[in-house]
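Take a look at the model first, then work along with the steps.

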Amino acid sequence: MKKIGVLTGGGDCPGLNATIRAVVRKGITEYNYEMCGIMAGWKGLIEGNIKAFDMRNVSGILHTGGTILGTSRTNPFREDNKGDPERILENIKKFNLDAIVAIGGEDTQGVAFKLSEMGVNVVGIPKTIDNDLPGTDYTFGFDTALNIAVEAIDRLHTTAESHNRVMVVEVMGRHAGWIATLAGIAGGADLILIPEKPIVMEEVYTTIKKRHNRGKNFSIVVVSEGIKLPVEDNKNEELVLQSTKKDSFGHVMLGGVGSVLANMIEKGTGFESRCTVLGHIQRGGTPTAFDRILSTRFGIAAIDLIHKGEFGKIVVLKGNEIKSIDLKKVMGHFKLVDDYWYDLAKVFFG
Ligand code: F6P
């Protein structure tokens, strides 16, 4: 009998529990594997925080947000975490783990890849609300975040119209503008600003003024947290950060660009402006049906790969088919918003 560990790493997102459920259910019922949960991402493997899982552990969790395993942004390969990769190898031996399913975004998969190079049997499952992992058309979590953002935009429309205001909606997505672009298209945004496209403030003002000149007395501007703005007069564009702290993978803490932008728009156009930051609301709560189904399909495909002995791979969605590719292929770059999507969105600007 084989023993398989499952972990969730990085920021949480809706659909993690549905994925864990699928991996564990099929592992037990079809392959007779001994399944266990590795708690709090790679941290659990470093510390040996590993729990036996049976069917009861994954019952009733399909529709729930968060992760029953807990998560962390622990990076065992960070310079000052010397000895962590060795501790991981020791614990894999100690707990007799034959393989690991790593559910996470590019940071988690980066660690999975390095471990697979060291001989660990790993299979990856792509998750992130940012949808920026290359090789897959969609990561799970994204659709839920998108729907939350669209609902917020719909609500902001009515209050924007009542007050003749410009409403700036700041969404997550880090350095990729997927949530902003697709939520903007679905929510009927009058302008969408994303990190992939350079921002010229004069053009922002002209677009909004043009719309107001043709009789529309409100505007919705969707902005991705990762855009760069000239925060002070005569200064170069830069990211707006919540703090100077970085996480274990070296990521800055984004957030706050929306209110800077709203102030600039108010000054530059003369129209009253307000900002709403959606923040972690986009990551919380129940997953959409799309995400539950994608999570389930990914989970099943991952445990099937383990059964076939195909390690060092990640499951992906291509069109409507679940496939797998080498983990190496998703390393070191992001999937960014391409011209097809932005050109489509632009038709409705102004
Ligand atoms: O990667 C997912 C994400 O939600 C990003 O969109 C966002 O920038 C970041 O995580 C926020 O991280 P934290 O949960 O550490 O605040």
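**Exercise 1.** Classify the exposure of Tyr138.

*Solution.* Relative accessible area under 20% means buried, over 50% exposed, and in between partly exposed (1.4 Å probe, protein chains only). Tyr138 has 27% relative accessibility, so Tyr138 is partly exposed. Phe290, at 36%, is partly exposed too.

A word on the model: it is predicted, so local features need pLDDT of at least 70 and side-chain atom pairs pLDDT 80 or more, while totals for chains, interfaces and linings use all residues. Numbering starts from 1 along each chain as its sequence is written, and side-chain values use heavy atoms, without hydrogens and water.

**Exercise 2.** Find how many aromatic pairs the structure holds, and describe the one formed by Tyr138 and Phe290.

*Solution.* Rings of Phe, Tyr and Trp (its six-membered ring) pair if their centres lie within 6.5 Å; planes under 30 degrees apart are stacked, over 60 edge-to-face, the rest tilted. The structure holds 5 such pairs. In one of them, Tyr138 and Phe290 sit 5.9 Å centre to centre with 80° between the planes, which makes the pair edge-to-face. Ring pairs also bring in Phe142, giving a cluster of Tyr138, Phe142 and Phe290.
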